[in-house]
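Here are my notes on the model you sent over. Have the structure open while you go through the points.

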Amino acid sequence: MIKAFLFDLDGVIVDTAIYHYQAWKQMANDLGFDISEEFNEQLKGVSRMESLDIILKYGGIKLSEAEKLSLATKKNENYLTLVSKMSPADILPGVSDFFVQVRKEKIKTALGSVSKNAKLILERIGMLDDFNIIIDGNKIAKGKPDPEVFLKGAEELGVSPKECLVFEDAVAGVEAAKVGGMKAIGIGKKEVLTKADFVVENLVGLNIDELLKQIA
Ligand code: BG6
Ligand code: MG
């Protein structure tokens, strides 16, 4: 029986995924190459430094640790400029209504994001109090697809992995949920999120009872 919902942040609750992409694209362009949206799929859910390594490898660029740290810091500054104007209006369609149902059904909630900016984003969109537990990039050692972020969420909520349902837009995030022994709802395209138990385009009109029947 599902007792808890674990939500990814970027691309599930709020569309920061586009800002991460824009900031990385800017960095790649400054280094003399480009990254496509398709390429960007593999960066979703992946930590800042791991994303940087993937991009630099793709661009055929080798840098020292100090240079990499400086690039990651600059990317984060650009990202923070892009998200600084965010407000509750940026919450993705269907999310607020879905959380009304979640509260009504008394389902436990955790945020499971590898982003170190997660709390700041939640504050900006006014959703900090919507989660019983927040596990973010500052609390974990390994990024998705490692299940650490979700397993920690389950542990802090006092539920077993089997009792958790994860909401994820990233291939790495769905993988993390499945490796952790949890069910996963993919938010996005079926062709991309092939390992998810069920895929929806977004949370618009999603009914919890029907959803739970789909994955039973
Ligand atoms: C994830 C995003 O939520 O957080 C990734 O999907 C991002 O694209 C990662 O790299 C780390 O985020 P941040 O905010 O700590 O750089
Ligand atoms: Mg995401």
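1. The centres of domain 1 and domain 2, taken over C-alpha atoms, are 24 Å apart. Domain 1 covers 4-14 + 88-215 and domain 2 covers 17-83, with bounds from an automatic or database domain assignment. Where they meet, 14 residues of domain 1 are in contact with 13 residues of domain 2 (contact means heavy atoms within 4.5 Å).

2. Before going on, the ground rules: this is a predicted model, where local features need pLDDT of at least 70 and side-chain atom pairs pLDDT 80 or more, while totals for chains, interfaces and linings use all residues. Residues are numbered from 1 along each chain as written, chains are lettered from A and ligands numbered from 1 in written order, and side-chain values use heavy atoms, without hydrogens or water.

3. Now for ligand 1, which has 14 residues around it (a heavy atom within 4 Å). Asp-10, Arg-48, Ser-115, Lys-116 and Asn-117 are the closest.

4. By class, the shell holds 7 polar, 4 charged and 3 nonpolar residues. Asp, Glu, Lys and Arg count as charged, Ala, Val, Leu, Ile, Met, Phe, Trp, Tyr, Cys and Pro as nonpolar, and the others, Gly among them, as polar.

5. Which atom of Ser-115 lies 2.7 Å from an oxygen atom of ligand 1? A polar side-chain atom does. For Gly-45 a polar backbone atom is 2.8 Å from a ligand 1 oxygen, and for Val-46 a backbone N or O atom is 2.8 Å from one. The protein covers 97% of the 390 Å² of accessible area that ligand 1 has on its own (Shrake-Rupley method, 1.4 Å probe).

How values were computed: A polar contact is a pair of N or O atoms within 3.5 Å; within protein, one must be able to donate a hydrogen and the other to accept it, and residues adjacent in sequence count only if both atoms are side-chain atoms.
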